[in-house]
Amino acid sequence: MMGYHVADRDKEFKALAGKAFGWAAAILFPPTCPGCRKLIAEPGTLCGDCWPKLRFLERPWCPVVGGPFAHDMGEGFLSAEAIANPPPFQRARAAVAFSGVARGMVHGLKYNDATGLAPWMARWMLRAGSELIADADVIVPVPLHWRRFLWRRFNQSAELARAVARLSGKPFEPLAVSRVKGTRQQVGLGQSQREDNVRGAFKVLSQHDILVRGRRVLVVDDVYTTGATVFAVARSLKRSGAAAVDVLTFARVLPGDFSADEVELI
Ligand SMILES: [Zn+2]
């Protein structure tokens, strides 16, 4: 047939295979609500019970750490958290408060290899972090230690960072920061123990300096708990000459909600 090329046939085959896979996937993996695992009709949504439980973070918020204020405190007003423990990054933002449904989504992403969830969560991060993303030269994830990565084969921060980069068109550099020290899980640790645990854990290896030197770096993670992990990542980037560091997470533990036993950071 005129004009029928191998490429067309290839495309046709891919479309058919895609349809067949979609059909098989719907039977093998029926869509479940990422908040509560109940079956739902459409993949990529929350069920009607979970939607209202998700708390999107909105202005007014602390211009540094991004924690929401109950009232507008005026230009330049910083939260007690930012004053008590000034971060090595410039700004942090998060899409939702870490509780209930958000916790279910983060766990789904981390333990169920739910790569389908990442682009969806990233869309909300784009909204909360629009200024940070606009200013960023490069997007980097919080890395896992290679041993943990081999065991789990999946870095949820990298999946979120990859999705944010793809949706925003910014460069994604998953190797910019390395985790050079295995750290224990942060579960059950208090703030100062968490800081000790991640001290010296991250490094920009000399062959990767070029990815961050003189650039504005946006660090992406799943949850901001006490900030200990992203503090350590930001310090390693600044040591290697990053011009500035911002932090964007899907969820954020709000002061008062902090419960070390329930929150997992690494
Ligand atoms: Zn649900």
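1. Cys 47 touches Cys 33, Cys 36, Lys 38 and Ile 40, not counting residues up to four places away in sequence; contact means heavy atoms within 4.5 Å. The residue sits in the loop between α1 (6-28) and α2 (80-84). Helices here are DSSP runs of H or I with at least four residues, strands are runs of E with at least two, and both are numbered from the N terminus.

2. The model is a predicted one, in which local features need pLDDT of at least 70 and side-chain atom pairs count only at pLDDT 80 or more, while totals for chains, interfaces and linings use all residues. Residues are numbered from 1 along each chain as its sequence is written, and side-chain values use heavy atoms, with hydrogens and water left out.

3. Which protein atoms are donors of the zinc ion? They are the SG atoms of Cys 33, Cys 36, Cys 47 and Cys 50, lying 2.3 Å from the ion. Donors are N, O and S atoms within 2.8 Å of the metal (3.2 Å for Na, K and Ca); water is not among the atoms, so sites may look incomplete. Along the chain the donors follow the spacing C-x2-C-x10-C-x2-C.

4. The zinc site is tetrahedral, with angles of 106 to 113° among its four donor atoms. Four donors count as tetrahedral if all angles lie between 85 and 135 degrees. The ideal angle for four tetrahedral donors is 109.5 degrees.

5. Cys 33 counts as buried because its relative accessibility is 0%, and Cys 47 counts as buried at 7%. Cys 36, at 32%, counts as partly exposed. Buried means under 20% relative accessible area, exposed over 50%, and partly exposed in between (1.4 Å probe, protein chains only).

6. Helix α4 (residues 117-128) packs against helix α7 (residues 156-168) at an angle of about 60°, with their axes 8 Å apart. Axes are lines fitted to C-alpha atoms, for helices over the stretch in contact, and angles run from 0 to 180 degrees between N-to-C directions. The crossing of α4 and α7 is right-handed, meaning that the near helix is turned clockwise from the far one by less than a right angle.

7. On the α4 side, the contact is made by Ala 118, Pro 119, Met 121, Ala 122, Arg 123, Met 125 and Leu 126; α7 contributes Glu 159, Leu 160, Ala 163, Val 164 and Leu 167. These residues divide into ten nonpolar, no polar and two charged.

8. Ser 236, in helix α9 (residues 228-239), counts as buried at 2% relative accessibility. Leaving aside neighbours within four places in sequence, Ser 236 is in contact with Val 177, Phe 202, Lys 203 and Val 204.

9. For the whole protein, the secondary structure comes to nine helices and six strands. Of the 266 residues, 48% are buried. Among contacts between residues at least 6 apart in sequence, 75% join residues at least 24 apart.

Note on methods
Tetrahedral: all angles 85-135°; square planar, octahedral: opposite > 155°, others 65-115°. Nonpolar A, V, L, I, M, F, W, Y, C, P; charged D, E, K, R; others polar.
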